[in-house]
Amino acid sequence: MPLGNGRLGVAIWSADGLTAQLNRADTLPDRLSPGQVVLPGIARLTHAKDYTGRLDLYHGEFQEQGGGMTVTAYVQPHSDSLVIAVTGAKPDELQTAQLRLWSPRTPKASAKGQVGLLPEAWVDNKNPESSGRAFGSLSGITAQGRDVSATVTDPLTISVSFRPFKDGSFRVIVASPHYDGKEDAGDIVRSELSSASEVTHRTWWEDFWKRAAVIKVSSKDGAGEYMENLRNIYLFVAAIEKGVEFPGSQAGVADMVSSARDAHRWDSSAFWHWNLRMQVAANIGAGLTELNAPYFNLYRENLASIESWTKEHMKGRPGSCVPETMRFNGRGIEYESSWKPISIGHDCDADWQPYYNARTLSTGAEVSLWVWQQYLAANDQKFLADNYPLMTSSARFLLAYQKKEPDGLLHTTPSNAHETQWDVTDPTTDIAASMALYPATIQAAKLLGRDADLVRQLQEALRKIPPFPRTQETGPRTLLPSSADADGTDVIAESYLPGATGHNAENIGLETVWPYDLIGDTSPLFALAQRTYAHRSFQAVADWSFDPIQAARLSLGDEVGSTLIKITERSQHSVNGLANWDAAYGEFYVEQVGVVADALQEALVQDYDGLIRVAPAIPAGWDFDGSVYVRGRTKVDAQVRNGAVAALVIEAGTTEPLKIRNPWPEHSVDVVAGKTGTKVVKGAVGPTITFQAVAGTTYLIEKHGEPILNRRFAPVSGSPARLAKQLGSVQIGLSSDSQ
C-alpha cells in the first residue's frame, strides 16, 4: 500500500511481519531505493485470525490490527520520515527492526547509539548523455522504546533492537531525506528524526482533501463506485508522487511507491511525456495544480539543454524539439541498460534510424499547451511568464521545420505520428500541434506584451496549415480529400500516408479531440471525430488508453463507462488499485488511474473552450455528486441523477463573464447569487447562459419557476471502505478469505 508526502514515497505490506520500501524521485539516474525496513515482531499481528488492515486515504495512514496488537504507519509531511507506531506488544519481548539494502549496492553502513545509517553517493557519469551531477540515497533508523541500540549487522544491513514501553507501545522511525553525498549523513538524518515525533500528517491530509475536488459516483452494478475509488486512489498517489525537482512518475510508473527494490522496466532516468499527460490533466481538473509544478520544472529548467540538443541533432534548427522520451537533464535519449541486448534510442534526431520517437515533433507543443491550460485554470500570470519561453521555443522549432510546398501549405516531413507511424508526411499530431500551439502562443504573447514579430509569423503560418488527413473507416487505407466528409464514411487518419506501417497501439486521429482540444461539440468536424472514435483501430488496449477521456469529449457517455471498465479489467491487477504492466518487475503504474480520474471529471464538467458544460457524458445508470475546477479557479459543483442535472452551483474564482451551457435546454434558467439571494439572471432562455461572475461568490443555477430552495438537495454521504471492491476479475483490497 502507498504512503508518502511528495518527497518520500513508501510501499508497505505485510511480509516478514511488516515490510516497507523507501523511494525518492531524486535518487537518479537509476531511481535507487534508499532501502527497505522489516519488523519481524509484527508477525503475531499479521498471522492473527482476527487480522484486519486498511489504507486510510483521508488521513494518509496504513492501519493494521490483530492478536491484540495495532500498527499505524504514516509519513510525516514536514520531515521525510516514515513512522511505524505499534501498540499491544509484549512489554518485555525483545523487538528488532532492520534497515537493509541489497547487492550490488555499496552503502557506508554505520551505527552510533540508537541510530543506524545507510548512506550511498554516486555521480551520474556512466550512461550516454550523463549529467555529471552528484546524487545519492540516505536512510537512517531508530526506535522509541526501552534499551534501544543500533548495530551494523553487515555492510548492507542495520539492526535496531529494543523493548517496548511498559504499556506495550513502541515506534520505529525511518528517515530518508535528500542526499547527494555533500553533507554529513548523520547530521541530516538526526535532524529529520528529531522532527518526526510530532503527529501532523492527519492535518496535512485532511487539508489536502478539502482542497481537492472530489466526485462521488454510484451505479447499480457497482462499477461507478469502483471508478470513484480509483480516482481517490489516483489523487492520493498523485500527492505522494509529486516530487520536488522532477515528477515522481516516469513512463507511467508510480516510482515513489515501488516495492520492487531497484528493478525498473524502463529507462528510469528518462520521462515519457505520453504517460504524464493524463496526470497533468487530472490534477488541473481536481484543483491541485501545485502537483504539476515538478512537471513544468522538468521542461522549463532544461530548456537551454533541449535547445542545445535540437541544434545539435535537428540540423541546426532554432527553438526546441522537446524529446518525447527525455532524460532528466534535457537530452533526447532512451537508454535501456536492463534490456538484453541493451537498447538505445534517440528522440528529436534527424539522423537517427527510424524509431518510436526519433522524429516525434509534437511534444514541445503539447508541453506548451499544458502551460496554457494551467495558466487558464489558475489565472496565474507569473506562472505564464515563467513558462512562456517553452511556448515560444516550441513554436519557433515547428516554424523552422515546416516547409512550404507548391500547394502553398506548410508541411512536415519526415515526421512521426507519435510512436505509431514513423517518418511519414504531415502526421495528424503535427497538424494538431500547430493548430493549437500557434493561437495559444499568440494569446500569451499579447497578454505579456512580447514577441510581436513571432506573433506575425504565427498568424501567417496558421493560414497555411494543411487540413487533417482523411481515410476510409474500414478496408484499404488511402488518402481521401476533405470533401469525403460529405459521404459520412471517412475518419481522421494518422498522417497523409494512411497505409504506413503501424508500430504502436495509439489512436492518433483522436489526438485532435484530446489533448489538443481542436474538435468539440460545436465543431463542424464533430461528426467526423465521432466516426473516428467509432472506427478507431485500438479499443481500450493499454493502461494508458485515452478512450474514456476522448469519449467524454465526444458526448459518448456509455462509451466512457464501458471503456473505463474494460481498461480497468485489463490493467488493474494490483489490489492497491494501481495497474501492473509487467508482473515480472513488480512495478505499479499510475497512468491508468490517471485516465480514470480525468475521464470522470470530463464526464461531469468540461470547459475546454470557455463554455462550461455540465453532465456532457454521464454513463447510463451512473449518478454523480461532485466538483470539477474549470478556468479562472472556478469550481463547478453538480449533482446528476439518471443523466440529468439535479443541482448545480458555480463557485466563481475570478471576476469575469461566465458562459454555461443550459443544463435544461427546454427550460428558462435563473442564476442566483448565494449569499444575497439576488437573481443576477432571471428567466434566461437558449442553449447558453452568460452572466457576470464576481470572485468569491457562489451562484445557484436553477430552473425558472422551480427554485431549488423549495426542494431538497440529495444528501451526499459515505463511510470508510471495510470490504474489498470487485469489478469483474479485478479488485481493490483483499477479501477475508484471501488474506
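Modeller: Let us begin with burial: a residue is buried under 20% relative accessible area, exposed over 50% and partly exposed in between, with a 1.4 Å probe and protein chains only. The model is a predicted one, in which local features need pLDDT of at least 70 and side-chain atom pairs count only at pLDDT 80 or more, while totals for chains, interfaces and linings use all residues. Residues are numbered from 1 along each chain as its sequence is written, and side-chain values use heavy atoms, with hydrogens and water left out.

Colleague: Why is P77 called buried?

Modeller: Its relative accessibility is 15%, and the limit for buried is under 20%, so P77 counts as buried. P77 lies in the loop between β7 (69-75) and β8 (81-87); helices (H or I, at least four residues) and strands (E, at least two) are DSSP runs, numbered from the N terminus.

Colleague: What does P77 touch, not counting residues up to four places away in sequence?

Modeller: With contact meaning heavy atoms within 4.5 Å, P77 touches N5, R7, T200, H201 and W204. The C-alpha atoms of P77 and T203 are separated by 9.4 Å, although these residues are 126 apart along the chain.

Colleague: What makes E569 partly exposed?

Modeller: E569 has 31% relative accessibility, which falls between the limits of 20% and 50%, so E569 counts as partly exposed. E569 is found in helix α14 (residues 557-571) and touches L727, G728, S729 and V730, not counting residues up to four places away in sequence.

Colleague: How do you know that C321 and C348 form a disulfide?

Modeller: A disulfide is a pair of cysteine sulfur atoms within 2.5 Å, and the S to S distance of C321 and C348 is 2.1 Å. The pair links distant parts of the chain, 27 residues apart: C321 is in the loop between α7 (303-313) and β18 (325-327), and C348 in the loop between β20 (343-346) and α8 (363-378). Both cysteines, C321 and C348, are buried. A search of the whole structure finds 1 disulfide.

Colleague: Why is the disulfide of C321 and C348 called left-handed?

Modeller: The torsion about its S-S bond is about -75 degrees, so the disulfide is left-handed.

Colleague: What is the phi of A251, and what is that of D517?

Modeller: A251 has a positive phi of about 55 degrees although it is not a glycine, and D517 likewise has a positive phi of about 55 degrees. Most residues other than glycine have a negative phi. A251 is buried, with a relative accessible area of 6%, and D517 counts as buried at 19%.

Colleague: Why is the protein as compact as a globular protein of that length?

Modeller: The protein has 15 helices and 38 strands. Its radius of gyration is 27 Å, close to the 27 Å that the globule rule gives for 739 residues, so the protein is as compact as a globular protein of that length. The radius is taken over C-alpha atoms, and the rule is 2.2 Å times the number of residues to the power 0.38. Of the 739 residues, 60% count as buried.
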